[in-house]
Structures are given as structure tokens and as C-alpha cells.
Amino acid sequence: MTVHALTIAGSDSGGGAGIQADLKTFSALGAYGMTVLTALTAQNTRGVNAVHAVPPAFVLQQLDAVFDDIRVDAVKLGMLANAAIVHAVAEGLARHRPRWVVLDTVMIAKGGHPLLAPEAIAAIRDTLLPLAGLVTPNLPEAAALLGCAPAQTESQMREQGEALLQAGAQAVLMKGGHLGGAESPDWLIIPTGAVRFAHPRIPTRHTHGTGCTLSAALTALRPHHPDWAATVLAARTYLQDALHAADRLQVGQGVGPVHHFHRWW
């Protein structure tokens, strides 16, 4: 069966992140991709110049239009921009109840530009955490959701992942890229325990869209795997290969994208 995957996220005019990265990832992994646009960004590999949020009512109209006609097997949530859009998306998900939902808590662009209004953080924590099968925060995002300092060690990563479970998440993938070091460790925190994943850190500056790509891969692959641990392993392997090939693309003058189609080009 071909997986039908829906991304609810913002647009990256440079093509390396957002819905563009999600659709490329879906296609690379054999899933049929659909979109609900939450925001338009004017950006390239050097940074985000401007953001234009989509009216919440129109976000909900897009979501309903997809669900009213097309089977949706899995949903990825990315950039949601503001609290009103968060509530609109939560309303739509509560009505349609997709089986698999991956929440990528996008808050700040790699160059530092804010992609989520501060008041929307509480809305995500209160309304979307309980609806998501898996939440995938990096360390600053997890800290923002919990109102604490970012984790400095893997032990603190586990503790914060467990705190997010207590806050309503069903499963949490704590991404440890901000820790530094020779490895890039992630921790999958589930009610029955924790699983560590680690790969050697790849020496490339072209990492634009890594978070979007990982969460999109998790979304496309979850229907094919028995649990989140197997899904995370497969998704991380795809992302690692895309990072290994990133230097081949030579897109832009700043932080370029990962190579989503590394297996074919």
C-alpha cells in the first residue's frame, strides 16, 4: 500500500526545508504527499527575510478539503506560526483523528529568525502534544515547551523527554544535535522506557532542513514499521545518507539543504 502522508507546515522559498523538504522526503520514501500551508516565508540558504502567516480559517479549510476526499495515513506538523493556527490545526485533527501524527516543534530557523510566536508555545503544549503520536523537539525547543534551560547532557535529555511525556506527549524523540561532540545522539522516550540512537557527526555545513526531513521521514515510514523505535532507526538512516551527500548539491551561498534524492541523482 502506498502511504498517503500529509504535511501541515510552512513554505520555504529556497526549497530546502518546510513543505518542500517534506514533499521531497515523502517522494523519496515512496509516500504520496499532500499539503496544508500554514505560512509563506521569504528565505534562502542565508536566512529568513520575512514570514507571512496564512489565515487560520483557510488553514482549516485546506485540512478539511484533504481529509474529506483522500485517505490520510499519517500527518506531519511543522511550522505553525502562531497560536490561532495551532488551535485551528488542533480542531481539524480532533475532528478527523488520523492514526499517526508526528509533531515537529518548529520554533526558530537555523539562522535565528523566529518561526513561532511566543504565545503559541503554550498552545502547542496544551492542545497538540496530546494529539501527537510522536513529538520531535531539539534541545532548545524541548526547553521552551517545559519552561526550563536546554539540556546539557544526555541524562538531562532523557529527563526532559520524560517530562514531556508527563505533559501529555505519547512518545518523544529528543534530538541531541545541539550537544556537540563526535556523535549526534537522539533519545526516544516512550512510556515503557528509553532507546538511544547515535551516528557519527557528519562534517558538512549543509544541514538546512534536517529537522523537517527527519520528521517527514518518520511520518512516511511509520505505517510500514511495528513501533516508533524501528521507525526512528529507518528515518535516521535515510537522513544520515542525505547528509553524507549534501555537499554534492551545491545549492546557494549559505547553509545548503540535505540531498533528499541521494539514492537516485
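This is a predicted model: local features need pLDDT of at least 70, side-chain atom pairs count only at pLDDT 80 or more; totals for chains, interfaces and linings use all residues.

User: Why is the pair F261 and W264 called edge-to-face?

Analyst: The ring centres of F261 and W264 are 6.3 Å apart. The cut-off for a pair is 6.5 Å. The planes of F261 and W264 meet at 65 degrees. Planes over 60 degrees apart count as edge-to-face, so the label applies to this pair.

User: What makes F261 and W265 stacked?

Analyst: The centres of these two rings are 5.4 Å apart, with 25 degrees between the planes. Stacked requires under 30 degrees. F261 and W265 therefore qualify as stacked. F261, W264 and W265 form one aromatic cluster. The structure holds 3 aromatic pairs.

User: How do you know whether W265 is buried or exposed?

Analyst: W265 has a relative accessible area of 64%. Exposed means over 50%, so W265 is exposed.

User: And L129: buried or exposed?

Analyst: The relative accessible area of L129 is 0%. Buried means under 20%, so L129 is buried. L129 lies in the loop between α4 (120-128) and β6 (134-135).

User: Which residues does L129 touch, leaving out those up to four places away in sequence?

Analyst: L129 touches L103, I124, V135, L164, A167, G168 and A169. A169 is 40 residues from L129 along the chain, yet their C-alpha atoms are separated by 4.9 Å.

User: What makes β1 and β4 a strand pair?

Analyst: Strand β1 (residues 4-12) and β4 share 4 bridges in the parallel sense. A pair needs at least two bridges, so β1 and β4 count as paired. L6 has V75 of β4 as its bridge partner.

User: How does β4 pair with β5?

Analyst: β4 and strand β5 (residues 100-103) pair in the parallel sense over 4 bridges. A74 stands opposite W100 in β5. With helix α3 (residues 83-96), these strands make a right-handed β-α-β unit.

User: What is said to cover both faces of β4, and which residues show this?

Analyst: In strand β4 (residues 74-77), A74 and K76 are buried on one side. V75 and L77 are buried on the other. Side chains in a regular strand alternate between the two faces of the sheet. Both faces of β4 are therefore covered.

User: Which residues touch the most other members of the largest nonpolar core?

Analyst: They are L6, I8, V75, L77, V89, L128 and M174, in a core of 50 residues. α3 gives the most to this core, with 6 residues. A second, separate core of 30 residues includes A74, L221, W228 and V258.

User: What does L6 contact, beyond neighbours within four places in sequence?

Analyst: L6 is in contact with F26, M34, T35, V36, V66, F67, V72, A74, V75 and K76.

User: Which residues of α1 are buried, and what do they pack against?

Analyst: In helix α1 (residues 18-28), the buried residues are G18, I19, A21, D22, T25, F26 and A28. They pack against β1, β2 (32-44), β4, α7 (210-221) and α8 (228-244). Just after α1, G30 takes a positive phi of about 80 degrees.

Technical notes. Residues are numbered from 1 along each chain as its sequence is written. Side-chain values use heavy atoms; hydrogens and water are left out. Buried means under 20% relative accessible area, exposed over 50%, partly exposed in between (1.4 Å probe, protein chains only). Helices (H or I, at least four residues) and strands (E, at least two) are DSSP runs, numbered from the N terminus. A crossover is right-handed if, with the strands pointing away from the viewer, the path from the first strand over the helix to the second runs clockwise. A nonpolar core is a set of buried Ala, Val, Leu, Ile, Met, Phe, Trp, Tyr and Cys residues joined through side-chain atoms within 4.5 Å. Contact means heavy atoms within 4.5 Å. Rings of Phe, Tyr and Trp (its six-membered ring) pair if their centres lie within 6.5 Å; planes under 30 degrees apart count as stacked, over 60 as edge-to-face and the rest as tilted.
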